[in-house]
Amino acid sequence: MEYSDLVKMAIKARDNSYSPYSGYKVGAALLCKDGTVVTGCNIENRAYGPTNCAERTAFFKAISEGNSSFSAIAVSGGNDEPEICYPCGVCLQVMAEFCDPDKFQVICGKSPDEYEVFILREMLPKMF
């Protein structure tokens with residue numbers, strides 16, 4: 001699958017964001033090694049602690065559906081329009097639990113034509 005296609009799916013996943021407190025909508029598209037793509041969005045809570053990021057939503061959905069091997073994730077966030085945003089430390093640590101840090105790709109996208117690609121180890125060099 002092309003990175004641009006994953007970014008498109010992440011941008012579309014933003015539409016389902018529940019973010020009445022921050023107004024910052026995030027979508028993620030997680031590519032499983034079998035070719036399945038699982039999307040997620042951020043889901044906020046008035047108490048903030050129970051808030052879940054888009055990346056973790058996608059991972060938890062995928063794992064609960066029996067997928068456990070992953071190749072890449074695309075993430076897009078922003079208030080009104082999509083912009084490049086980066087996963088938080090908690091999401092990166094979840095990725096580290098399930099992904100090869102030297103192969104798993106993290107694609108941070110504003111549009112299908114404008115994105116940055118990292119390997120997980122670049123984003124979280126000192127994993128727990």
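Predicted model: local features only at pLDDT ≥ 70, side-chain atom pairs only at ≥ 80, totals over all residues.
Which residues lie nearest the centre of the largest pocket?

1. **The largest pocket.** Tyr24, Val26, Asn42, Cys53 and Glu55 lie nearest its centre, and they belong to a lining of 15 residues. The volume of this pocket is about 180 Å³. Sorted by class, its lining comprises nine nonpolar, four polar and two charged residues.

2. **Cysteines without disulfides.** Searching the whole structure turns up zero disulfides. Cys32, for instance, is in no disulfide, and the nearest cysteine sulfur, that of Cys99, lies 9.6 Å away. Cys32 is buried, with 2% relative accessible area.

3. **Cys91 and Cys88.** For the sulfur of Cys91, the closest cysteine sulfur is in Cys88, at 3.7 Å. That is too far for a bond, because a disulfide needs the two sulfur atoms within 2.5 Å. Cys91 also counts as buried, at 1% relative accessibility.

4. **Aromatic pairs.** There are six aromatic pairs in the structure. One of them joins Tyr86 and Phe118: the ring centres are 6.1 Å apart and the planes meet at 70 degrees, so this pair is edge-to-face. Tyr86 sits in the loop between strand S3 (70-78) and helix H3 (89-98), while Phe118 is in strand S5 (residues 114-119), so the pair ties together parts that are 32 residues apart in sequence. Tyr86 counts as partly exposed, with a relative accessibility of 44%.

5. **An aromatic cluster.** Finally, have a look at Phe59, Phe70, Phe98 and Phe104, which form one aromatic cluster.

Technical notes: Residues numbered from 1 in each chain as written. Heavy atoms only, no water. Buried < 20%, exposed > 50% of the residue type's maximum accessible area, 1.4 Å probe, protein only. 1 Å grid on protein atoms, 1.4 Å probe; cavity = no way out; pocket = protein on both sides within 12 Å on 5 of 7 lines; lining within 4 Å. Points joined across faces, edges and corners; volume = space filled by probe spheres on them. Nonpolar A, V, L, I, M, F, W, Y, C, P; charged D, E, K, R; others polar. Phe/Tyr/Trp six-rings, centres within 6.5 Å; stacked < 30°, edge-to-face > 60°. Helix = DSSP H or I, 4+ residues; strand = E, 2+ residues; numbered from the N terminus.
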